[in-house]
Every structure is written in structure tokens, then in C-alpha cells.
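Hi everyone, thanks for coming.

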Amino acid sequence: MAKTVKTNELTEVSEAQIAVHWKEEEYYQPSEKFKAQANLRDQRIFEKFGLDKFPDCFKAYADMLTWFEPYHTVLDTSNAPFWKWFVGGKINASHNCVDRNLAKYGSKAAFIFVPEPEAEQDAVITYQDLYTRVNEMAALLRGLGLKAGDRVTLHMPMVPELPVTMLACARLGVIHSQVFGGFSGQACGSRIQDSGSRVLITMDSYWRNGTLGDHKANADIAVRTAQELGQDVDKVLVWQRYPGKYSAKTPMVAGRDVFVNDLLKQHQGMNVDPVPLPGEAPLFLMYSSGTTGKPKGAQHGIAGYLSYVTATSKWILDIHPEDVYWCMADIGWITGHSYIVYGPLANAATSVLYEGVPTFPDAGRPWRIAERLGVNIFHTAPTAVRMLRKLGPQEPRKYKYHFKSMTTVGEPIEPEAWRWYYDEVGKREAVITDTWWMTETGGFLATTVPAIHAMKPGSCGPAAPGIHPIIYDETGAEVPKGSGRAGNICIRNPWPGIMQTIWGDADRYVKTYFGKYNKNPRSKDWRDWPFMCGDGAVQAADGYYRILGRIDDVINVAGHRLGTKEIESACLTVPEVAEAAVVPVQDEVKGRVPEVYIAVKPGVQPSQDVIDRVIKANEEVIGKIARPKHVYIVPDMPKTRSGKIMRRVLAAISNRRDVGDVTTLANPDVVEQIRIMVQGKDAAKTQEELPEDIAKFGQVE
Ligand code: WTA
């Protein structure tokens, strides 16, 4: 038995856990001023959303939407665990995000687009403008023969044309699959193939870190990749970053590529009635990484998803139509879908949409934007917080903006970074919500409700209303509530925001999220289907959760999920590479970064050239975010006698830790050779425990 110690909150935690994780922190209280204006202040909300009220409690969420025809069933579990929310009703997401705001907010800004070049003017898009642009784009898409249920892949940057395109798809019931603009052409191509899209929508170019790059080149690679995988793309629609001007060098392909701006001229002033769609029809796909090398397309449905992001935008982000809200995430990730596009628009928000990187041209940029536009709700990721802090710790003081509320998402935030966010960025006035959730869950799972709960740095907080987590150990036994002991966090009940399935792979959906803890695969009772989130977590005595990171060999790089197997397969595309193993390394800004170990084929000389090509392969197959911190060519991989690569040992080496007992390995000598290569001959062997996600890394098979 591990010795236990008591912390100031009477939470029992093992000494090892204290070493691994930060200690329990003091609470911070929301201000009276914030509480007085908040959308959700009623403490009884948690009773109203108790498990005994499930699933009817979520009617309140569906009521926040405008329906063409009412639904008759809140939750249909007849094909468990493929949940159907709000069945029988007819609805349209585009109608809810655009049309219904016209009467009251037509002349109010929906988006204020801020280009990366600071000298370039903002573009204000009112709800009326958005309506016009979405209708014209919907007419264009309809003109191409696209209809409800078809898939279209988008590979677009952070420009207003992206939400316009998404909402135009949603208007017709076309399922959009936006691939993060920073992903490579190849990564986009494999997602085109998986989704079966015949149309790719992209943009010629966009600004990133001071450069107007050639993004159209990626479209050509994407189409070629998709074709090699068996999927033909008939049309590539190319938006122009500067309408009327082509900003890329790559030529347009005759018969296939069309400028959206040209085609739009034929659809000027056209209106397309929003198609009344079944509440449970799919809205979009969002690809994400998991244990295998193949990204999975999380499929989200219209009514469940939209109601969930609408309610959480209102209650947790506390968006009022009068606020100026800025989420710095990229729309290419789930955060942008839920909390830049669908949730905020359904609440008639005014949002800042910023094209570029937060630190361009300097670390004062976000605060200048906030001051100039009167931003009062700010939403970002710990990586950006760490980066802005590192490059400009005093910068926020120079600007006269005032935030009432701030959000962090995507990674655990260290208490130290949290406090800088609170003290300097929030000027000790703003509440912070640390929102924990994932692509598959559509919206927040655990967070404080800002006007109700105290904040605790480093802990995301209790579960969101209507979410009922449970932590299981490996054997399926429940880890006692509030015990501070680590386990796999699951959600007992379905909720409207949960994904519907993995596109084209229903088995993988069942196995990945329910396989471990479902005891009766035939059950139609939701109680038998706890949803496994894929994170390790602990719950403190006060009910707050602290997230320890992924348990499925996914590396969270700057808040982005990268699959180990995807990186390893990218390395193996270099012909000289015989074996590759990837491990996460702690990084002061990005949280984790991948580090790569490769063994070359017999007869191949280790060389810088091979290393460079491995790096390039990762950029080409996945994208620049997958660039490894180091690539080491090793004489052999540490292996078990059965030939399994011991990634755990490599992770310890990369993170400057002691490797522990390796005598049972097939080749223990090689471990010391690798250790010297990475840590140097006399590197101090530290006994400090590894964070849970790194310690557990490589255990999933
Ligand atoms: C991690 C992003 C700690 C977690 C919305 C999860 C977090 C993965 C938090 C999902 C948080 C997200 N604290 N960890 N507040 N939010 N994560 O799918 O490991 O890109 O499983 O969705 O990010 O990443 P995804």
C-alpha cells in the first residue's frame, strides 16, 4: 500500500501522486459584479439536472432552439449506444444561427474579422450580411447538385468564409467535414477519402506569422491522395483571400477547380430556404486521433449537438448578445465549431474572428485587439497562455481592456500559468472557466459554472449540469468519489452533445468508448453504457475533477491531439527507416511534444539526411504541428522478449528520468546506450515521478 498524506482539503492522495501533480490550491471567488449579470445563477440547476431527472431535464436545452416541427421523444435508446436525441422534430442549424437572429439583431455584428496584418482593416459581418452570404453560398452548393446527407470536405483557414461555408452546408443538410487548415494536404486527402466527399472547399491563401502562403498547393495534394485511396474529387472550390485576386502560385486545374467568388456572382441575392431536417440527422464530421493510425470521424447530429453548445455557451461562457466574445481557437478544431460558430451564433453573439497567430507581430497583439474592439469574454488554450506569458509577461497591463470572463480549454493548465492568466490577463476582475471536454463530446463535460462555483487553479471543476461522471479503475470497480485516486473517467449517462458514431466505423465507436466498461452489449438501458472519455482523472473531496491526460497513446501537443501511430507511420514512409517509436516529452510552452526514435534498415548509415527526411515526412503526412522535437537514430529499440517496443522506457529517457528495472528486456544494454545518447553520460538520474499520461504511455495495444 502506498503511504498517504493529507492535504489541506483532506483529500487522500498517494505521495507519488503529489510528486506527479500539483498540490491542491486555494479557491478564488467570482466577483459580485459578475454574479449579478450572469445567465446562470440558480444553484438549484444541479437538482434540476440530477440523474433522477434524466433525460427530460435536457428539454430545457432543446427549448433554446427554434424548431420547424416539435420532437416527440427526448432520447431514443433503442439502438444503444447510438443515442438519438430529440427525435421526431424538424430543425435546421443554419436557421437557428442566422435567420432567427435577423429580426432583433440584423444590424449587429455576428463576426468582426481581424486580419493578421495589423495595417489591414477589420471586416464587420452583421447578422444580415451573414444571412446574405450564407444564402448565396447555399445556392451555389445546391447548384452543384449537393443535397442533404452528402459530405463536403473543407480545408480552410480562420476567415469569415469558413463559418459562411459551414452554415451554407448546414442550411442544405450537407454534412461538412472541416479539416484544420494547418494539416497537410495528405492529411486532408485521407479525410476526404474516409468521408467520401466529392467536393473540396479551400482558400487560395491566408496570413500566418507574416507570410501569405500558398494554401491551394495543399488542395492538389489532397485530391491526389484521396484519389490514390480510391475517392475521386469532382470539384475544388477555391475562395480567394482577396476577392478578385489570386494569391497562390499553384495553377487552377481546368474543369475541376473553380473560384468561389466567380461562381457566387451567378447566385447574387438568391435565397435558399433552410431545409427542415430530422433532429437526429448528422450536422458535421470532425476527425480526431486515437490509438490506431487512422483518424476517426466523430459524427455530430443537428439537434442534440446544437442544443448542447447553445446552452453551454449561454450558461458557462455566459455569452449575452451585448457582449464581445473572442475565442482564439481555430475553427478547424472542435472548440471552434462549438464555441466560435454554432454555440455563439445561436446566442446572437458578436464574435471576434482573428486570422493569425496570437504573438504576431508581438505578444501585445491579443490585448490590442481586445482593447480596440471592447472584447469582454476571452477564450483560449493553456499553450497560448504560456506563450503569451513567456514573451510578454507585462504586456496585458499596457492595454485598457476589461474581461468579465475567460476560458481555458484543451490541456491541463498549471496553477502558475492559471494565476498569470487570472492576475495579469484577467486583471483579477475576470472569472476563469477551465473547461474539460473533447471532440467526441461536442461541448463541456466538467467546468465551474462561473457565477455559482469558486475557481481552483489546475482543476477544471465539477461536472457540467446533467453530466454525471464516474471514475473506474482498470478492473471496472468504481474509484470512490472524492478519494483523489486516479482512474479512467467515464460519463454514466448520454447527453445531447455526445457524438452519434464514428463515420463509417460503428464497431470502432462501440469498442473505443464503451468496450471496456459495458457489461451487457445487448442492453437498451443507457445505465449499462458508461462513456469512456479517454482521460485519466482524479476527483478531490470537494467534487472538483483534475484531468491527468490521455490514456490512449495520443499526445496532446499544444492542445492538439496527435496519434502516436499516425506519427510512427509517417516516419516509416522514409524508406531507410526500419522501426519508429514516438513518445511524449514535457515542454514548458506546448505541454507535450513528440520525440521520435528510429532504427534504420541494415546497411543504412545513420545520417542527418535521414533525420531531416523523417521530420519532413511528418510535416507532409500530418502537418507542421507534428514536427518532432528530436529524432534519434538508435542502434536498436528496447524490446520485450516477445518483440514489443518498450515506449515506456524511451519516454523515461526523453523526459530525463530513471528508466527503472530493464533487466527483463530482450536487449537491456541498448537502453544505457540510448540513455547516454539522449541524456549525456553523467546525466543525473532523477527519481521524480512522471506525469500520469507519460507514465502510462505505451500501455494501450
Ligand atoms: C484534453 C478539445 C485538461 C483531454 C476540446 C481531452 C483537457 C483532450 C482539457 C481532448 C482541460 C481538453 N483540462 N485537459 N480543460 N480540455 N483536455 O478532442 O486530454 O481536441 O481528452 O478536444 O484534450 O482534445 P480535443
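This is a predicted model: local features need pLDDT of at least 70, side-chain atom pairs count only at pLDDT 80 or more; totals for chains, interfaces and linings use all residues.

What makes Ala 348 worth a look is its phi, which is near 60°, a positive value in a residue other than glycine. As background, most residues other than glycine have a negative phi, and most peptide bonds are trans.

The one from Phe 54 to Pro 55 is cis, with omega near 0°. You'll find Pro 55 in the loop between helix 3 (45-48) and helix 4 (59-62). Another cis bond joins Phe 360 and Pro 361, and there omega is about -5°. Pro 361 sits in the loop that runs between strand 19 (350-354) and helix 14 (365-373).

Okay, on to helix 13 and its neighbour. Helix 12, residues 302-315, packs against helix 13 at an angle of about 85°, and the two axes are 8 Å apart. That angle makes helix 12 roughly perpendicular to helix 13. On the helix 12 side, the contact includes Tyr 305, Leu 306 and Val 309. From helix 13 you get, among others, His 337, Tyr 339 and Tyr 342. And what classes of residue are in this contact of helix 12 with helix 13? By class, there are 7 nonpolar, 6 polar and no charged residues.

Now the ligand. How many residues surround the ligand? It's 17, and the closest are Asp 434, Thr 439, Asp 535, Arg 550 and Arg 561. Let me zoom in on some atoms. A ligand nitrogen is 2.8 Å from a polar backbone atom of Thr 435, and a ligand nitrogen is also 3.5 Å from a polar backbone atom of Pro 412. Then there's a ligand oxygen, 2.8 Å from an N or O atom in the side chain of Arg 561.

How much of the ligand does the protein cover? It covers 97% of the 520 Å² of accessible area that the ligand has on its own. Helix 13 turns up again here: helix 13 (334-346), strand 22 (431-435) and strand 27 (545-550) are the elements that give two or more residues to the shell around the ligand. The shell's residues divide into 7 nonpolar, 5 polar and 5 charged.

Notes. Residues are numbered from 1 along each chain as its sequence is written. Side-chain values use heavy atoms; hydrogens and water are left out. A residue is near a molecule or strand if one of its heavy atoms lies within 4 Å of it. A polar contact is a pair of N or O atoms within 3.5 Å; within protein, one must be able to donate a hydrogen and the other to accept it, and residues adjacent in sequence count only if both atoms are side-chain atoms. Accessible areas come from the Shrake-Rupley method with a 1.4 Å probe; for residues, only the protein chains shown count as cover. Helices (H or I, at least four residues) and strands (E, at least two) are DSSP runs, numbered from the N terminus. Ala, Val, Leu, Ile, Met, Phe, Trp, Tyr, Cys and Pro count as nonpolar, Asp, Glu, Lys and Arg as charged, and the others, Gly among them, as polar. Axes are lines fitted to C-alpha atoms, for helices over the stretch in contact, and angles run from 0 to 180 degrees between N-to-C directions. Angles under 35 degrees count as roughly parallel, over 145 as roughly antiparallel, 65 to 115 as roughly perpendicular and the rest as oblique. Contact means heavy atoms within 4.5 Å.
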